[in-house]
Amino acid sequence: MKKRLRLPAGAVNLGGLALAWLAVFGYFSYYAPSFHTMDNLETLARQGTVVSMSALGMTYVIVSGGIDLSVGSIMAFVTVVVAWILQRNMGPVAALAAGVGAGAFCGLVNGFLITRLKVAPFIVTLGTYLIVRGAAKGMAHEQKIDAPITWLNDLVARLGPDQRAMLFPAGVWLMLVLAVAVAWALRYTQFGRHVVAVGSSEAAARLCGVPVERVKLLVYTMSGLFAGLGGLLLFSRLSVGDPTVAIGQELDVIAAVVIGGASLSGGEGSVVGSLLGAFIMTTLRSGGSQIGWENWRQEMITGGIIIISVALDRLRARRAV
């Protein structure tokens with residue numbers, strides 16, 4: 001009797017996402033002949049890096065059964081901190097450390113409030129969304145902060161003719177290396193297994209001896225850290241500290257993770273899926289702009305994709321019962 005070959009559900013999901021991206025890429029390549037060039041692939045990678053970087057931390061948050069609405073505000077705050085430090089001639093290394101550190105501190109505060117006050121992550125991060133945005137505006141006096149040009153501005157800049165061997169700028173490679181590290185940690189380390197356990201059933205995880213509060217504290221600190229790195233890359237693109245930037249960016253990050261197969265109920269998700277989700281969204285927006293789609297049409301299509309992704313997740317969960 002022949003045995004039927006059954007692929008793991010995760011592999012099927014990632015294969016489906018890759019095919020979906022190829023279909024989207026092929027559609028825009030048909031209507032915009034320059035879309036499939038290497039130059040445009042580099043542009044897509046640069047444009048998607050900010051969301052992808054933040055999605056690394058958000059994947060852990062959603063797998064743990066939580067949500068973080070403050071990442072967009074953290075990105076804006078980090079651009080202001082980096083520009084503020086550079087404006088005072090303290091050097092790019094100090095600006096990088098202060099910016100990323102500020103992001104991680106915001107995440108630590110989120111985790112502390114969630115675990116100590118026992119308040120739902122949605123409420124806590126909605127509050128810090130406003131607090132951090134307000135802090136960024138106060139620090140910048142509600143204006144953009146100009147900063148001197150340093151090597152930080154080259155992190156996601158277009159490569160020059162003598163840099164073509166790199167394929168992508170340093171910021172993209174940094175995101176890819178970190179993605180490999182956090183994907184490995186989620187799958188093969190005890191901490192990764194604890195994150196999945198907390199998201200699958202917090203009560204069961206607690207009975208099994210999992211330090212639930214410590215896991216949540218680390219998860220939200222990681223989310224702030226990666227949002228800080230996303231803010232650093234955003235500053236690299238803008239070259240200024242702007243407290244009004246990245247409004248709504250948290251929805252893009254959450255959408256990328258959900259499109260990538262993570263369950264909003266927790267316990268399921270992958271870093272590779274989140275990156276593919278971010279790349280699908282970036283390709284849709286870039287391709288839509290190149291063939292003249294209006295913003296409202298792009299937003300409606302992105303919203304439709306999110307609804308379909310969540311509906312497929314629910315259908316898969318019902319079949320698994």
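The report below moves from the whole chain to single residues.

This is a predicted model, in which local features need pLDDT of at least 70, side-chain atom pairs count only at pLDDT 80 or more, and totals for chains, interfaces and linings use all residues. Residues are numbered from 1 along each chain as its sequence is written, and side-chain values use heavy atoms, with hydrogens and water left out.

**Overall fold**

The chain has 12 helices and 2 strands. Helices (H or I, at least four residues) and strands (E, at least two) are DSSP runs, numbered from the N terminus. Read from the N terminus, the order is α-α-α-α-α-β-α-α-α-α-β-α-α-α. The radius of gyration is 20 Å, close to the 20 Å that the globule rule gives for 321 residues, so the chain is as compact as a globular protein of that length. That radius is taken over C-alpha atoms, and the rule is 2.2 Å times the number of residues to the power 0.38. Along the principal axes, the C-alpha atoms fill a box of roughly 70 × 55 × 35 Å.

**Packing and surface**

Of the 321 residues, 49% count as buried. Buried means under 20% relative accessible area, exposed over 50%, and partly exposed in between (1.4 Å probe, protein chains only). Among contacts with a separation of 6 or more, 78% come from residues 24 or more positions apart. A contact means heavy atoms within 4.5 Å. The accessible surface comes to about 15,800 Å², and 66% of it belongs to carbon and sulfur atoms. Areas come from the Shrake-Rupley method with a 1.4 Å probe; for residues, only the protein chains shown count as cover.

**Aromatic pairs**

The whole structure holds 11 aromatic pairs. The rings of Tyr 27 and Phe 28 have centres 5.3 Å apart and planes at 80°, so this pair is edge-to-face. Rings of Phe, Tyr and Trp (its six-membered ring) pair if their centres lie within 6.5 Å; planes under 30 degrees apart count as stacked, over 60 as edge-to-face and the rest as tilted. Ring pairs link a cluster whose members include Trp 21, Phe 25, Tyr 27, Phe 28, Phe 279 and Trp 293.

**Helices H9 and H10**

Lys 216 sits in helix H9 (residues 212-238). Leaving aside residues up to four places away in sequence, Lys 216 touches Thr 115, Val 198 and Glu 202. In helix H10 (residues 249-259), 10 of the 11 residues are buried, so this helix is largely enclosed by the rest of the structure. Gly 261 follows H10 and has a positive phi, near 105°.

**Positive phi in two loops**

Most residues other than glycine have a negative phi. Asn 89 is not a glycine, yet its phi is positive, about 55°. Asn 89 lies in the loop between helix H3 (71-87) and helix H4 (92-117). Lys 118 is likewise not a glycine and has a positive phi of about 55°. Lys 118 lies in the loop between H4 and helix H5 (121-139).

**Accessibility of the named residues**

| Residue | Relative accessibility | Class |
|---|---|---|
| Tyr 27 | 37% | partly exposed |
| Phe 28 | 1% | buried |
| Lys 216 | 17% | buried |
| Asn 89 | 67% | exposed |
| Lys 118 | 59% | exposed |
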